[in-house]
Amino acid sequence: MTSTRKLRHGGHARPKRRLGAAGPPKGSAATGLLPDLRRVLEAHVVASPLVVSAGPDPACEELWRAALQDEGLAAMRVKLASRVATLVAVPSDLWRDGVRRARALALKHAAARSGRRVIVVPEGVLRREPRLGNAVLMAQAARASISAEDRIAVMAALAEEPGMVLGDLIQLVRHEPDRVAAVLSLARSGVADVDRRKPIGPLSAVWLRASDV
């Protein structure tokens, strides 16, 4: 019978997977699930546990679109734990154009001089895999809930055995229809974290954040 602690193959326990020192591996082909740059940016924002709240920034977006002559860029105002910033997602063709890229950076520096923090994010960074696919999955999980009983069960298991795989943890969820989303909602809320260097799946390692251990 499969243990609720480790996935077994051929009767042998699969070793726990943990984050290593290596950076993210090369991504797969783009999913194409979110063709619109605004929706791509929104997925990353919603998926991030660092973002407290977020919303559109129409004034910044209008200014940048006019200055750069590009209707494809998108801007969002995000509130982090200690600061507020505007994220500006710029299309790849704009970023590859040396003249317009220089204008974008000049706009960023001008905003900084006026006391506004602007972070420019190239489209290629947002669409890179597995980053985009994982962001889409985490954004979906942000809408999920987890009961108090299931939350404590998952946290207790991770406290006892850091690095348990997602496929084992979902077996502990008893009261939610989407058990994967329930577990991932803990990562979205900052209680836990999941290995995102590869596409999130049943063998993805999960652990409690340091403040919750």
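The buried residues of helix H6 (131-141) are covered by parts that include helix H1 (37-47), H5, helix H9 (179-188) and S8. Those buried residues are Leu132, Asn134, Ala135, Val136, Met138, Ala139 and Ala141. Here buried means under 20% relative accessible area, exposed means over 50%, and partly exposed lies in between (1.4 Å probe, protein chains only). Helices (H or I, at least four residues) and strands (E, at least two) are DSSP runs, numbered from the N terminus. An α-helix has 3.6 residues a turn, so residues three or four places apart point the same way.

This is a predicted model, in which local features need pLDDT of at least 70, side-chain atom pairs count only at pLDDT 80 or more, and totals for chains, interfaces and linings use all residues. Residues are numbered from 1 along each chain as its sequence is written, and side-chain values use heavy atoms, with hydrogens and water left out.

The peptide bond from Glu129 to Pro130 is cis, with omega near 5 degrees. Pro130 sits in the loop between helix H5 (123-127) and helix H6 (131-141). Gln69 has its own backbone feature: a positive phi of about 50 degrees, although Gln69 is not a glycine. Most residues other than glycine have a negative phi, and most peptide bonds are trans. Gln69 belongs to the loop between helix H2 (58-68) and strand S4 (74-79). Its relative accessible area is 66%, so Gln69 is exposed.

Now step back to the whole chain. The protein has nine helices and nine strands. Of its 213 residues, 43% count as buried. The protein exposes about 11,600 Å², and carbon and sulfur atoms supply 55% of that area. Accessible areas come from the Shrake-Rupley method with a 1.4 Å probe; for residues, only the protein chains shown count as cover. Among contacts (heavy atoms within 4.5 Å) with a separation of 6 or more, 68% join residues 24 or more positions apart.

Next, the sheet. Three strands form an open sheet in the order S7-S9-S8, with antiparallel pairing. Strand S7 (164-165) and S8 stand at the edges with a single partner strand each, so one side of each has no neighbour in the sheet. Helix H7 (residues 148-160) packs on this sheet and touches S7, S8 and S9. The direction of H7 makes about 95 degrees with that of S9. Axes are lines fitted to C-alpha atoms, for helices over the stretch in contact, and angles run from 0 to 180 degrees between N-to-C directions. S7 and S9 pair in the antiparallel sense over two bridges; two strands pair if DSSP finds at least two bridges between them. Val165 stands opposite Ala205 in S9.

What lies between strands S8 and S9? Asp195 is in that loop, between strand S8 (192-194) and strand S9 (205-208). Asp195 has a relative accessible area of 9%, so this residue is buried. A polar atom of the Asp195 side chain lies 3.0 Å from the backbone nitrogen of Arg197.

Charged pairs come next. Side chains of opposite charge can pair when their charged atoms come close. A salt bridge is a side-chain nitrogen of Lys or Arg within 4 Å of a carboxyl oxygen of Asp or Glu. The whole structure holds ten salt bridges. One of them joins Asp193 and Arg209 (3.4 Å, N to O). This pair links distant parts of the chain: Asp193 is in strand S8 and Arg209 in the segment after S9, 16 residues apart. Asp193 is at 15% relative accessibility, so it counts as buried. Arg209, at 27%, counts as partly exposed.

Another salt bridge joins Asp97 and Arg100 (3.5 Å, N to O). Asp97 is partly exposed at 30% relative accessible area, whereas Arg100 counts as buried at 16%.

Glu71 and Arg65 also meet in a salt bridge (3.4 Å, N to O). Glu71 counts as exposed at 60% relative accessibility. Arg38, Glu61, Arg65 and Glu71 are linked in a network of salt bridges.

Finish at Arg96, in helix H3 (residues 92-96). Is Arg96 buried or exposed? With a relative accessible area of 65%, Arg96 is exposed. Arg96 and Pro122 are 26 residues apart in sequence, yet their C-alpha atoms are 9.6 Å apart in space.

Conventions. A polar contact is a pair of N or O atoms within 3.5 Å; within protein, one must be able to donate a hydrogen and the other to accept it, and residues adjacent in sequence count only if both atoms are side-chain atoms.
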